Amino acid sequence: MKRHNYKNLKIWNIGIEIVEDVFKLIDKFPKEEKFGLVSQINRCSVSIPSNIAEGSSRTDKSFSHFIDIALGSSFELETQMIIACKRNYITQQELTLIEEKVAEFQKMTMGFQNKL
């Protein structure tokens, strides 16, 4: 059975970049959001590369399921960042940058998943 080395997967590396970018952004959020939106954003952003890593040790069919979860987390993250922008926690420019990176991740991940 073929296993994937997640550290060599471009989609995992982009997922790690997304986490780093998001963590820099949420440092600016108000302290009262620590257990609200910040917590939600932390969990779903970390879920993206984590599910790719976990799934990489499974069969391709099972890996595809973990990729679905990572993709779902990326769409959840996008929604939460839109909320953050509407709350004026991040700028429209910051939102656009993270949306572009997330869109790149989604496109690449769907392509990768289709080849499993």
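## Q80 in helix α3

Q80 sits in helix α3, which spans residues 60-86. The model is a predicted one. Is Q80 buried or exposed? Its relative accessible area is 6%, so Q80 counts as buried, the cut-off being under 20%.

Which residues does Q80 touch, leaving out those up to four places away in sequence? They are L37, Q40, I41 and C44.

## The nonpolar core

The largest nonpolar core has 31 residues. I18, F29, L77 and F105 have the most contacts inside it. Helices α1 (10-26), α2 (37-55), α3 and α4 (92-115) each supply at least two of the core residues. Helix α3 gives the most, with 8 residues.

F29 is one of the residues with the most contacts inside this core. Setting aside neighbours within four places in sequence, F29 is in contact with L37, V38, I41, A84, Y89 and I90.

## How α2 meets α3

Two packed helices are described by the angle between their axes and the distance between the axes. The axes of α2 and α3 come within 8 Å and cross at roughly 155°. Angles over 145 degrees count as roughly antiparallel, so α2 is roughly antiparallel to α3. Their crossing is left-handed.

The residues of α2 in this contact include L37, Q40, I41 and C44. On the α3 side, Q80 is among them, along with L77, M81 and A84. By class, the residues of the contact divide into 13 nonpolar, 8 polar and 2 charged.

## How α1 meets α2

The axes of α1 and α2 come within 8 Å and cross at roughly 165°. The two helices are therefore roughly antiparallel to each other. This crossing is left-handed.

From α1, the contact includes I11, W12, I18 and F23. From α2, it includes V38, I41, P49 and I52. How many charged residues does the contact of α1 with α2 have? It has no charged residues, with 15 nonpolar and 3 polar.

## N88 in the loop

N88 lies in the loop between α3 and α4. Its relative accessibility is 67%, so N88 counts as exposed, the cut-off being over 50%.

Most residues other than glycine have a negative phi. N88 is not a glycine, yet it has a positive phi of about 65°.

Methods. Residues numbered from 1 in each chain as written. Predicted model: local features only at pLDDT ≥ 70, side-chain atom pairs only at ≥ 80, totals over all residues. Heavy atoms only, no water. Helix = DSSP H or I, 4+ residues; strand = E, 2+ residues; numbered from the N terminus. Buried < 20%, exposed > 50% of the residue type's maximum accessible area, 1.4 Å probe, protein only. Contact = heavy atoms within 4.5 Å. Core = buried A, V, L, I, M, F, W, Y, C linked by side-chain atoms within 4.5 Å. Axes fitted to C-alpha atoms, helices over the stretch in contact; angles between N-to-C directions. Parallel < 35°, antiparallel > 145°, perpendicular 65-115°, else oblique. Left-handed = near helix turned anticlockwise from the far one by under 90°. Nonpolar A, V, L, I, M, F, W, Y, C, P; charged D, E, K, R; others polar.
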